[in-house]
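Please read them alongside the coordinates.

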Amino acid sequence: MPKPYVAALSLLYFAALGLCAIIARAAGNFVTDISQCPALTPRSPRSTSIQDVRPDEFEVIMALGDSVMAGCFAKGIQDDFLDNFDEWRGVSFAIGGDPDALTLPNLVGHYNSAVQGASVSHHGLEYCGGSICPIGSHGWNAPLDNLNAAQSGALASNLLHEINDYLIPQLAARNISSSSFKLLTLFVGSNDVCNGCADASSTGNADRFEANVRKALEALRGSVANVLVNVVGMLPLTEIYGLTKDQSYCRQLLGQSIPHVNILCSCMLLGGFLGEITREGMDILISQYNTRLQNIVRDYQALADPEFAVTWQPVNAPLSSYPIQALSNIDCFHPSTSGHAVFAAALWNRMTLDQESRAQQVPWEDSPLIRCLEEDDRVLTTAEL
């Protein structure tokens, strides 16, 4: 080969290496265990606004939502039959604190060991759905739930109950300082969608959903200072139908001879033409809910409140391409421990990124890669939607 061509190819080669290095630096340093990430130097002086916070500066972690946030059925079939139906709150993606779990609190905890609020261990179902809820604070196991106010069965209309009857009293009981930076993840809507597929043709369902979320956020804003709310978008629930159809994995609890029927979300798993209609209704509602949630986030972004920020965190998870083990083999609907780990890593990795990056698909990883924080990282509270 003539020397000029060799020289040109060499230049292109080294230019490509340089470009790869730039891309790698932009993407950050990824590891399979957060313990491999170096510590960060504490910021000095400390930020005075929740609009300017680095993830390691969160001192309190909280959660609102439904059975997914409660870790329902996450560890799958157990030796003790009664344990099969537990909430495994310690592995919940955004609020779990079990030592071996890949969760948001444990990732923050690598940088800030004083962080508090994570739920731990497991216990029986804490149900609250619509008007069927325990009175007052009797619906929680405070020593294990800590600041995880989520309840199985919860609708958006139950968020006020979670805030007023549990979360705010727990913050007071634990003497949480108003100046502490707090991270709250809100994930709700699956039960609203599962119950509302027949009501997708009108905007009334989405109107009610939006109104209930707004009421909850205003109640939180009026009572809790220095909180950043991570609003997590709806998952593509209807893709679970194709993923679980005719899967022996989903018939392990009661035996292979008994068909898998998910009574928790009948809209999703009905067969035939009727099932196609109900899943179409669910997809419409999911799209409407995500649009309403983004509208809410924009409104709070416009306020630029130094003590209350709201961010949009879509979890663009192509569930139809995930392995069946992403779901619990109890009901093939709720995420398994592995599913929670993938969602936790996605939430963490994208927290400081712009909205376009946050919207990228969340690939399945048996061992999720975790992004190490960098000194100049900040949670982008004004990322354009």
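1. Second largest cavity. By class, its lining has seven nonpolar, no polar and no charged residues. Ala, Val, Leu, Ile, Met, Phe, Trp, Tyr, Cys and Pro count as nonpolar, Asp, Glu, Lys and Arg as charged, and the others, Gly among them, as polar. The lining is Val68, Phe93, Phe187, Val232, Leu235, Val315 and Phe343. The space amounts to about 50 Å³. A cavity is a set of points, on a 1 Å grid over the protein atoms alone, where a 1.4 Å probe fits but cannot get out; lining residues have an atom within 4 Å of a point. Points are joined across faces, edges and corners, and a volume is the space filled by probe spheres set on them.

2. Basis. This is a predicted model: local features need pLDDT of at least 70, side-chain atom pairs count only at pLDDT 80 or more, and totals for chains, interfaces and linings use all residues. Residues are numbered from 1 along each chain as its sequence is written, and side-chain values use heavy atoms, with hydrogens and water left out.

3. Largest cavity. The whole structure holds two cavities of 30 Å³ or more. The largest has a volume of about 110 Å³. Of its 14 lining residues, Leu235, Ile240, Leu327, Phe333 and Pro335 lie nearest the centre. The lining has eleven nonpolar, three polar and no charged residues.

4. Largest pocket. A pocket is an open set of points with protein on both sides within 12 Å along at least five of seven lines. The volume of the largest is about 380 Å³. It has 22 lining residues, with Tyr127, Ser152, Gly153, Asn191 and Leu264 closest to its centre. Helix 5 (residues 190–195) gives the largest share, four residues. Helices (H or I, at least four residues) and strands (E, at least two) are DSSP runs, numbered from the N terminus.

5. Strand 2. Why is strand 2 largely enclosed by the rest of the structure? Six of the six residues in 60–65 are buried, meaning under 20% relative accessible area with a 1.4 Å probe, protein chains only. Val60, Met62 and Leu64 cover one side, and Ile61, Ala63 and Gly65 the other. Strand 2 runs parallel to strand 3 (residues 182–187), joined by six bridges; strands pair if DSSP finds at least two.

6. Core. Leu186 and Val229 touch the most other members of the largest nonpolar core, which has 103 residues. Such a core is a set of buried Ala, Val, Leu, Ile, Met, Phe, Trp, Tyr and Cys residues joined through side-chain atoms within 4.5 Å.

Methods: Buried means under 20% relative accessible area, exposed over 50%, partly exposed in between (1.4 Å probe, protein chains only).
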